[in-house]
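Reader: I would like to learn how to read a few features of a model. Where shall we begin?

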Amino acid sequence: MKSKLPVLTLKGSPHQMGYEHGKKARTEIEHNLKVYFQRFKSETELSHEVAVSRAAKFLEVINKVSPEYAETMKGVAAGSGQEILDITALNVRYELMYSQFSKIGLKPAPKTFGCTAFATLPTAVGNGHLIMAQNWDWIPEVKGLFLKVRNENGPDVLSFTEAGVVGGKIGLNSEGLGLLINGIVSSKDDWARLKKPFHVRCWEILRSKTLGRAARIVSQGERNCSANFILGQQKKAGRGKVIDIESAPEAVCKLGLDRGAVAHTNHFSDPKILGVKQVLDEERLSTLQRYRRIQKLLDRTVRAGEKLNLASAKNMLRDHYGKPESVCRHSNLKLPEYERYETVVSVIMDLPSRKLWAAMGSPCSTEYSPLEL
Ligand SMILES: [Zn+2]
């Protein structure tokens with residue numbers, strides 16, 4: 001049982017922060033580019049040339065909708081010695097992969113991915129702190145890292161990201177606001193909508209001072225791809241709030257909490273409301289099973305009056321019911337190597353104390369380490 005969290009502290013202008021990120025994670029970025037360009041090809045039938053031409057279109061979009069994000073990406077490219085369009089492709093890999101998943105979703109090839117996330121209100125937690133927790137299940141080879149960002153004009157942010165991706169997906173900020181995400185695929189997902197990319201939205205959410213602002217970042221306008229966002233905020237001891245927003249390209253839907261807790265995996269709870277068709281194929285078994293299990297674990301504990309604590313949150317994320325397609329997800333050895341997914345990082349966040357505990361790799365065999373903003 002050993003753990004060491006890779007952390008980068010970034011400050012300065014957007015370009016300086018990107019440059020530092022690129023320079024310090026040079027090897028990991030080079031590795032991630034290799035992994036993703038290979039995956040684009042093997043899983044989603046996208047050649048390097050096509051991926052880069054789509055990235056070029058997105059670079060124009062990002063320059064327009066979020067110049068600071070674009071500047072940071074340019075810094076990453078300069079610092080890591082990579083081409084800006086390759087770095088852009090990495091930053092819009094959600095669009096490039098997920099919309100392809102839905103386009104070729106009718107084929108029998110398994111396209112699996114997943115995460116299990118849950119959040120509990122302060123009233124359901126022993127120390128009265130809002131807790132947000134998630135296992136991020138993805139390609140085991142992808143190199144992740146934590147970014148501690150000291151923003152000049154906005155809250156400071158502590159988040160988990162993939163090396164080379166500017167916008168962290170799971171994280172919290174100095175306003176006590178937190179974010180969890182789940183990938184979902186719908187029949188309407190399409191990169192060619194060329195709207196604000198997923199990772200740019202995550203980045204903006206984590207720079208928000210209020211939950212209302214963060215929720216608007218999810219819901220305003222159209223989206224290229226579907227995703228679920230769990231947002232929470234508790235600035236200090238006392239009241240906290242959690243919202244779960246399922247988003248499809250043309251509509252969003254808020255999910256209510258059940259007795260102080262909410263959980264999500266990788267399917268829409270009601271795709272009809274959002275005007276889309278669920279695209280699940282082989283992921284069906286995994287996401288439905290993980291969903292039922294995490295709900296059951298919450299039913300037995302916090303919803304039955306038991307207060308959550310760090311140890312019980314870890315136990316939930318280490319759960320092996322239905323292994324390998326379990327909450328603590330392991331590679332399904334029946335699948336070819338390039339189609340295997342497992343828990344790459346497990347994170348438990350305590351919002352009012354601006355602190356998180358994370359395990360890189362399967363949380364059942366890795367100890368959680370603390371990290372503070
Ligand atoms: Zn495990």
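Author: With a polar contact: a pair of N or O atoms within 3.5 Å; within protein, one must be able to donate a hydrogen and the other to accept it, and residues adjacent in sequence count only if both atoms are side-chain atoms. Here the side chain of S331 makes one with the side chain of E342, at 2.6 Å. This is a predicted model: local features need pLDDT of at least 70, side-chain atom pairs count only at pLDDT 80 or more, and totals for chains, interfaces and linings use all residues. Residues are numbered from 1 along each chain as its sequence is written, and side-chain values use heavy atoms, with hydrogens and water left out.

Reader: Is S331 buried or exposed?

Author: Buried means under 20% relative accessible area, exposed over 50%, partly exposed in between (1.4 Å probe, protein chains only). S331 has 17%, so it is buried. Contact means heavy atoms within 4.5 Å. Not counting residues up to four places away in sequence, S331 touches P324, R340, Y341 and E342.

Reader: What describes a pair of aromatic rings?

Author: The distance of the centres and the angle of the planes. Rings of Phe, Tyr and Trp (its six-membered ring) pair if their centres lie within 6.5 Å; planes under 30 degrees apart count as stacked, over 60 as edge-to-face and the rest as tilted. The count here comes to nine aromatic pairs. F198 and F229 form a tilted one: 5.9 Å centre to centre, 40 degrees between the planes. Both F198 and F229 are buried.

Reader: Which residues do ring pairs link into a cluster?

Author: W136, W138, F146, F160 and Y341.
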